Amino acid sequence: VGRYFQDHLGGRIAYIHPRNARAFYDIFCNMVHRGNKFQPKVRLTNDVLENEPLLNCQGQISFESSIRENLVFLKQFVKAALYRRKIGSLGEFVRNGFACARHMIPLMWKFVVEHRILIPSGSRITLFIQAETEPLRDSRILIDGSVRDSAGLPKVRLDWRLGQHELGSIFEFAHRIDRVLKDAGLADLQLEPELAAADPRFLDSLRDTNHQAGGCVMGESAADGVVDRDLKVFGTDNLFIAGACVFKTCSNANTTFTAMAFATRLAKHLGKGHATN
């Protein structure tokens, strides 16, 4: 218990310089459909992952403009007004509204007519990574009995370790994206210098993404896992665990939906033993 802790590595890996800005924006700016926002992302194909020794990665495009914070404030102000929550000052509303004034008409046109989120001209474009980490037995969650919290309980100590493949997988992922964008005539990538040099110190610039997984991983037996395929703890009759902690690997995607699917499957499995006519 507590072994094979994992989390996604996240952070900026490159700046993007469009060759064909209009075509690039048409592909990668956020879309809106029936009130839902969709963010395009890029990932390795299943064929690549099956045939090459790479960890799974996904990239997302971020557009950073001088009015980004102003737009966020206005959106939060409007939501607060609609739902009768505490709102910011009118002075702040006016200041942020004035900063966004010249973008308002194109923003509304883009949203209503084209169902896209406006990207102001001059925005800085960056590529962010969300990368799988190698599942390691010694990467684990520990209970430190020598240190107690204010309630007298032992504190948790996290020993999160990375393997030998994270840097190489991110490096290869970045270069594949660069080749694809160049071949399509869309853009060029300017990799972060330490990543371009395959310098292990680049990993220090990345952070976790709050997608903790592992610690009670699924296995074929107690020799290689904590729970079986039905999420029952080995050696017990009525103890089950559901959540991302049972994942053997974390892939590249957010963990919540898969964890919820596991919980739903467990509920159906347990319900079979209590079915009534």
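Modeller: Happy to! Let us begin with a term: a residue is buried when its relative accessible area is under 20%, exposed when it is over 50%, and partly exposed in between, using a 1.4 Å probe and protein chains only. Tyr4, at 25% relative accessibility, therefore counts as partly exposed. Y4 belongs to strand 1 (residues 3-6); here helices (H or I, at least four residues) and strands (E, at least two) are DSSP runs, numbered from the N terminus. The phi of Y4 is near 60°, a positive value in a residue other than glycine.

Residues are numbered from 1 along each chain as its sequence is written, and side-chain values use heavy atoms, leaving out hydrogens and water. The pLDDT is the predictor's confidence in each residue, from 0 to 100. The protein chain averages 86, and 80% of the residues score at least 70. Confidence is lowest in helix 3 (residues 68-82), with a mean of 55, and highest in helix 6 (residues 193-196), at 97. Where pLDDT is low, the predicted coordinates should not be read in detail.

Now the rings. Those of Phe, Tyr and Trp (its six-membered ring) pair if their centres lie within 6.5 Å; planes under 30 degrees apart count as stacked, over 60 as edge-to-face and the rest as tilted. The whole structure holds 6 aromatic pairs. One of them joins Y25 and F63 edge-to-face, with 5.6 Å from centre to centre and 85° between the planes. Because Y25 lies in helix 1 (residues 21-28) and F63 in strand 6 (residues 57-64), this pair ties together parts that are 38 residues apart in sequence. F63 is buried, at a relative accessible area of 14%. The rings of F247 and F262 have centres 5.6 Å apart and planes at 70°, so they too make an edge-to-face pair. F247 sits in the loop between strand 12 (213-215) and helix 7 (256-272), and F262 in helix 7, so this pair ties together parts that are 15 residues apart in sequence. Both F247 and F262 are buried.

Two more details complete the picture. The charged end of R265 sits over the ring of F262, 5.6 Å from its centre (the rule: NZ of Lys or CZ of Arg within 6 Å of the ring centre and within 35 degrees of the ring normal).
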